[in-house]
Each structure stands twice: as structure tokens, then as C-alpha cells.
Amino acid sequence: MIVGTVEDVTAGPEAVRDDFRLELRRDPGASGRPIAPHEGRWVGYLRRISAAKLRHWGLPCLADDAKIAISELVTNALVHGTGDQVTFRFLLVGDVLAIEVNDGSAQQARIGKADELDENGRGMFIVSALSTLCGVSPDGTKTWCCFKIPTPPRRTA
């Protein structure tokens, strides 16, 4: 996992194809508390919205991995964030799909080492394994991952 921002990866002359942001209001609480049911529903909503956007852009091949990454990043933000909102961003620019979640907490996400019987602690490992890059902002508030958009193979004459 690298320290940096989504803008570091997506900066360039390429046109932005989609930049969807959604702020989720939440009940502030202590880090590690259970997710309230009305907040937890957002994980599924964001997965479905993002999969629909990928189908619209002709990129259904990224939907499964993106949905898993969204589940992990948003759930981590809801469980470990302590602020009154979580901001979700889905960015399609050039040949990169980026997913970014800001939980407002300065506690940096990290790839953990879970024992085989642990029920938690594998989320960022999974995101790292599925994505092309993943990272956390220098201030710790944003966790993100990027997927390289596959290009169709060129036909030879």
C-alpha cells in the first residue's frame, strides 16, 4: 500500500469519463463499533450504483473486483471512522478506475495479518490483491484503490 492520493495516479491529460461522489451522513461514534443497519445498507447501494456505471461504460469485466473493493473500503470507513460523514468517490479517467473513501479519521488503514481463525483483518489485503494499486492519503483520511482498465486487443492485418 502506498501513501499518496488518487490524484497522484489519475493526473494527466486524459478526459474524466465519470466522477461520482456521495456523502453519507452517519451517527458519529467510537472506532470499532458495530455498523448501524441504516448505515450498512449504503455498502450494497454503492456496489449496485458502481456496477451499473461500469456496465454503462462497457466495463462489466471490472464489476466483481470493484464491488468487493467497495465493500471492504466502505465497511472499513463505517466501522473505523469516527466522524459524522463518509465520502465515497468513483472516478473513471483515462485507463484507470479509482475508488476512494474518506472517513475523516486520521488513523491510516493498513494491510493486516489475520490468523486463520480471525473473522476480521483481511479487508485491505483483499483490496491490495484485487486492485492494480491501493493506498492511503498522507493525512490518513482517505483510503483508495485503482484498477487498470483493460484495452481491447489490437487486431493484426
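**Ground rules.** I number residues from 1 along each chain as its sequence is written. In this predicted model local features need pLDDT of at least 70, side-chain atom pairs count only at pLDDT 80 or more, totals for chains, interfaces and linings use all residues, and side-chain values use heavy atoms, with hydrogens and water left out.

**Sheet.** I looked up the strand order first. Six strands form an open, mixed sheet in the order E1-E5-E6-E4-E3-E2. Strands (E, at least two residues) and helices (H or I, at least four) are DSSP runs numbered from the N terminus; two strands pair if DSSP finds at least two bridges between them. Strand E1 (2–3) and strand E2 (16–25) are at the edges with a single partner strand each, so one side of each has no neighbour in the sheet.

**Pairings.** I then went through some of the pairs. E1 and strand E5 (residues 133–136) run parallel, joined by two bridges, and Val3 stands opposite Val136 in E5. E5 and E6 run antiparallel with four bridges; here Val136 stands opposite Thr143 in E6. Their hairpin has five residues between the strands, and Gly140 in this hairpin takes a positive phi near 85°. Strand E4 (residues 96–102) pairs with strand E6 (residues 142–148) in the antiparallel sense over seven bridges.

Contact here means heavy atoms within 4.5 Å.

**Ile70.** I checked this residue in helix H3. Ile70 is buried, with a relative accessible area of 0% (buried is under 20%, exposed over 50%, partly exposed in between, with a 1.4 Å probe and protein chains only). Leaving out residues up to four places away in sequence, Ile70 touches, among others, Val43, Leu46, Phe88 and Ile99. The C-alpha atoms of Ile70 and Phe88 are separated by 9.0 Å, and the two residues are 18 apart along the chain.

**Glu100.** Glu100 lies in strand E4 and is buried, with a relative accessible area of 7%. Its contacts, not counting residues up to four places away in sequence, include Arg89, Lys142, Thr143 and Trp144.
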